[in-house]
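Here is a short tour of a two-chain structure for someone meeting it for the first time. Take a look at it, then read on.

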Amino acid sequence: MAALGARRLLRPGRRWFSETVPAAPSPPAGPLYPPVVASVTAKSKAAKSRRLQRFNQRVHAAATVEEKLRLYGKLQRPKYAVYPQTFALNADRWYRSFTKTVLVPGMPPRAAAAKAPVAAAGTTPEAGGAPEPGAEAPGAAEAPEAAKAPEPAAGAAAYLDMGELRSIVCDALLQESFYQKKKRPFLYRDQDHTPGPFLTQLVSTLAAFLSGRNPLLAASSLDLNPEVNYYWHHGEEVVVHGHRKGRVDPVRFQIDDNPHLQIRVPKQLPEVVPLESDLGDVPVIDHKPSKLPLFKRQYENKVFIGSKVADPCCYGHTQFHLLPDKLKRERFIRERLEDQIEVVYRSNGIASLFAWTAAQAMYQGFWSEADVTRPFVSQAVVTDGKYFAFFCYQLNTLALTAETIKNNPRKNICWGTDSKPLYDVVEDGNVKGFNDEVLLQLVRFLLNRPTEL
Amino acid sequence: LFPGVRQAQWLTKTKLVEGLPPAVQGIMDDPAHGLQELEERAKHAVSHARLWDTAQVAPRREQYCPVLFENLIHICRLMSGKYPSLSKRMLARNCRIAATWERESILLQVRGLSGILMNSMTPIPPVASKEEILATKEHVLETFYPIAPTIDLQEVNVYKELNDTGQCFGDGYPYSHPHTLFFLESANVRTDRFRPEQLRAKMLMFAFGNALAKAKALHGNDPKVLEQPVVVQSIGTDGQLFQFMVFQLNTTDLVSNDGVKNLVWIDSDQNLYEKAQCVPEVRKRVVTKPAGISGFQPDTFKKFLALYLHGTV
């Protein structure tokens, strides 16, 4: 009753005790106040993590890959300059720990239509690529070890003429070292005089010769003396001195590499092992990277595979590295560091290939917060003109920063061989002691292609 | 100072024919070689050299000129998947050439770094027929009276009359026939580069020098009319403009002014593309010129490839 009376006293239009359900809730159903988050500018750990999150969101939301790369490398701070070709002792262990790489000695088993096992004589790999019935391949693999390896290989693969390839290689070698009249090599520039041009000739003629067999090579792009750069964070350290003293910073690395030659292709090489495979252990080094010795510098954070993002040939196939005069074998032998000779080849292979594959992955839009969804595979040949070492690298993860590495079981894998000589000596227009295995491995590298081609 | 080609013609006793020889034209027009598909690849090659090759915004001429050349040669070389005899070629960089001859009692010599030389195992067959060669007898070389034809040439005391092509022929060098010479004008500063006319003259002189040295190695030092003319090709570029030349040496008898002359076919000033825009040009918030290569001429690349394939196809 009192309520009724009260209602009549109310102004018309105001339905205070109205029975009807309001049409829409006038305040929004969500929270009444903006979310309570850490500040952006405070000097606190929460603020720092919020700033990092905002940065990550900005990079995630970048429209183009160029924009992403620009934001990724925008902040310049002192970073370790990692040199793939280095004389540092046991550098390959350090590089493996920086890049979370597992080193597997020997070459990866080729798929070979998944039928024939890896043959010691190396006859099978061609069969895997050559379009023959699979029945021939096991036959060739069994036939094997009585292996005058070239002849059965030529028979089984039916196209690969070892004699022809050998003559190409020998011609290139003789042309550079014997036939062409050159002046004497400049001091400490022996590598530019003969092995450099030899490598260029060799690769260009071999690639052209094999392009009929490998359609990927026919669409490839050959770079002479390209530049490959990659910038990444791995681990954490405390800033030692300066106005930022005491803050926890990621350890930054940059690789700036100049391979002698590289072949880039428009399609990716197939993966060698599945993405989540574990083939070994990554060495853990308790020292600071500067103990390697590695030095810090601050300059532009570049990520570059050899050409810009707009290039259709954005995946890598094979790189060829020439070791400089400073790292020649005689020098190591003279200083009684024979075991470091292989370390030089390995560190060059691991560092260069990591930089290349990681840069390729970044060109596709992946980065440490957005890890790769498919493995990136590339190959490299490291040589000093006579000794050749072959490397194959599979990039499984880019997440190497301190936060992302915590729950990341994936590791990058590098297969590598020891260095073997291609020939013994060149005398009087003859190449003595030619090693067919090395040539075969090189040819296998160049013939590598995705399975659908 | 002078239209250099005319002077070079007199010095080498050569008759000029405009355009490329019919043999090369035939290779260009032959559809079996699949030159159409290569257009796309050639365009990529140009874009790579001019736009994508460097981490900076735009590469300089010293960088893009050799890279463009390498890319084009790479495409040409990949044709050896189709024509296996193309692998019988060898590229020699920084080779030095020296050749000597007498011209109306003036001793002339060509020496120097002639750029990049491509040798092959088999010689290029003669491009001009016998009748054309004989017809050159009637052709009169133009003289530049009163200007001496050796103007602008450096006079030196030569102590050794050298004739060699930078490789050791006698030792059974398999790639003994000079096939094509490549000249890259890649200096950044325009004044350091040869202008097209001078570049053509330089190409002619070096092609002649190579052919002469080869002829003397094959047939001896006596001046005579060659039974098998020696053909040497030459391509010169500054990264955008291409000059093509096919030179046929018919005679080594260069002392007199009559008789059979040598022949040269020149196709000059072929643009491979009009403009390479690295950054899009924007006027008043509107993109007027998009980034990329504009005005690509596939014919120039076809000529390049035809000259490359000439002799094996």
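Is A:Y72 buried or exposed? With a relative accessible area of 12%, A:Y72 is buried; that word stands for under 20% relative accessible area, while exposed is over 50% and partly exposed is in between (1.4 Å probe, protein chains only).

Before going further, some ground rules. This is a predicted model, in which local features need pLDDT of at least 70 and side-chain atom pairs count only at pLDDT 80 or more, while totals for chains, interfaces and linings use all residues. Residues are numbered from 1 along each chain as its sequence is written, chains are lettered from A and ligands numbered from 1 in the order in which they are written, and side-chain values use heavy atoms, with hydrogens and water left out.

Back to A:Y72, then. This residue is found in helix α3 of chain A; helices (H or I, at least four residues) and strands (E, at least two) are DSSP runs, numbered from the N terminus. Leaving aside neighbours within four places in sequence, A:Y72 is in contact (heavy atoms within 4.5 Å) with several residues, among them A:F55, A:Y230, A:W232, A:M362 and A:W367.

The largest share, 10 residues, comes from α2(A). In total 37 residues line the second largest pocket, and A:K48, A:L52, A:L75, A:D249 and A:P250 lie nearest its centre. By class, 12 are nonpolar, nine polar and 16 charged. (Ala, Val, Leu, Ile, Met, Phe, Trp, Tyr, Cys and Pro count as nonpolar, Asp, Glu, Lys and Arg as charged, and the others, Gly among them, as polar.)

How is such a space found? Rolling a probe the size of a water molecule over the atoms shows where empty space is left. On a 1 Å grid over the protein atoms alone, a cavity is a set of points where a 1.4 Å probe fits but cannot get out, and a pocket is an open set with protein on both sides within 12 Å along at least five of seven lines; lining residues have an atom within 4 Å of a point. Grid points are joined across faces, edges and corners, and a volume is the space filled by probe spheres set on the points.

By this rule there are two cavities of 30 Å³ or more. Here are the volumes, with the pocket alongside:

| Space | Volume |
|---|---|
| Second largest pocket | about 1400 Å³ |
| Largest cavity | about 110 Å³ |
| Second largest cavity | about 30 Å³ |

The largest cavity has 14 lining residues, and the closest to its centre are A:T205, B:R77, B:R89, B:M90 and B:Y308. α10(A) gives the most to this lining, with four residues. The second largest cavity is lined by A:I168, A:D171, A:T205, B:S87, B:R89, B:M90 and B:Y175. Those residues divide into three nonpolar, two polar and two charged.

What about the contact between the chains? Chain A puts in 34 residues and chain B 37 residues. About 2800 Å² is buried between them, with carbon and sulfur atoms giving 53%; buried area is the accessible area (1.4 Å probe) that two parts lose on being put together, summed over both. On chain A's side, A:Y179, A:K181 and A:K308 supply 23% of the area buried against chain B, more than any other three residues.

Chain B holds seven helices and 13 strands, and 52% of its 313 residues count as buried. One of the buried ones is B:Q9, at 9% relative accessibility, which is found in helix α1 (residues 4-12) of chain B. Leaving aside neighbours within four places in sequence, B:Q9 is in contact with B:T14, B:K15, B:L16, B:L141 and B:L204.

For A:C392, the nearest cysteine sulfur is that of A:C414, 7.8 Å away. A:C392 is buried, with a relative accessible area of 1%. For B:C278, the nearest cysteine sulfur, that of B:C65, is 15 Å away, and B:C278 is partly exposed at 28%.

Terms used
A disulfide is a pair of cysteine sulfur atoms within 2.5 Å.
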